[in-house]
Amino acid sequence: MSLIVWGLGVLVVIALALIWIYNGLISKRNRVQDAWAQIDVQLKRRYDLIPNLIETVKGYMKYEKGVLVQVTALRASIVSGSIEEKAQANNQLSQALKSIFAVAENYPDLKANDSYKNLEEELSNTEDKISFVRTSYNDYVLDFNNAIQQ
């Protein structure tokens, strides 16, 4: 009789351990999904700011149309695709936006424009937020992958 009780006790402990592990993995997976959602929110914010920036800059940058066309094309490519494709397109978009800001240095009137300054500041803040949430996402993915592998 005591052997049966002992065996049932071991089974209960094993069942509880499996439930604990399963719940931990679910929690980590949900953190990863939430972190990606935070990235997506910031990317959409940037996505919405870009047309305003392009309209503000268009009048000043008559000779740098290629940069504006590239930003517009990259913005359109962000809408669909896998996480990896979106990440790659967003990295390219970040580089293109840096080009716009670099070219804008040649236009003192543009740099003095309040709309441009506000958009530049908002985009800069958004880029900082994207960087922060990407770091969090990477940390959560690492934690989740470690838990799975362990």
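Contact here means heavy atoms within 4.5 Å. This is a predicted model: local features need pLDDT of at least 70, side-chain atom pairs count only at pLDDT 80 or more, and totals for chains, interfaces and linings use all residues. Residues are numbered from 1 along each chain as its sequence is written, and side-chain values use heavy atoms, with hydrogens and water left out. Helices are DSSP runs (H or I, at least four residues), numbered from the N terminus.

**Phe-101**
- Phe-101 sits in helix 3, residues 83-104.
- Phe-101 counts as buried because its relative accessibility is 17%; buried means under 20% relative accessible area, with a 1.4 Å probe and protein chains only.
- Leaving aside residues up to four places away in sequence, Phe-101 touches Leu-53, Tyr-116, Glu-120 and Leu-123.
- Glu-120 is 19 residues from Phe-101 in sequence, and their C-alpha atoms are 7.8 Å apart.

**Helix 1 against helix 3**
- Two packed helices are described by the angle between their axes and the distance between the axes.
- The axes of helix 1 and helix 3 come within 12 Å and cross at roughly 35 degrees. Axes are lines fitted to C-alpha atoms, for helices over the stretch in contact, and angles run from 0 to 180 degrees between N-to-C directions.
- Residues of helix 1 that meet helix 3 include Trp-36, Leu-43 and Leu-53. On the helix 3 side, Leu-97, Ile-100 and Phe-101 are among those in the contact.

**Nonpolar cores**
- A nonpolar core is a set of buried Ala, Val, Leu, Ile, Met, Phe, Trp, Tyr and Cys residues joined through side-chain atoms within 4.5 Å.
- The largest such core has 19 residues, and Leu-53, Val-71, Leu-93, Leu-97 and Ile-100 touch the most other members.
- Helix 1 (2-58), helix 2 (65-77), helix 3 and helix 5 each give two or more residues to this core.
- Helix 3 supplies the largest share of this core, seven residues.
- Another core lies apart from it, with nine residues, among them Ala-35, Trp-36, Ile-39 and Phe-144.

**Helix 5**
- Helix 5 (residues 114-149) has 36 residues and should span 52 Å at 1.5 Å a residue, counting one less than its number of residues. Its end C-alpha atoms are 52 Å apart, which agrees.
- Buried residues of helix 5 include Tyr-116, Leu-123, Ile-130 and Phe-144.
- Thr-126 is also in helix 5, and Thr-126 is buried, at 0% relative accessible area.
- Beyond residues up to four places away in sequence, Thr-126 touches Gln-42, Arg-45, Arg-46 and Leu-49.

Key
Buried means under 20% relative accessible area, exposed over 50%, partly exposed in between (1.4 Å probe, protein chains only).
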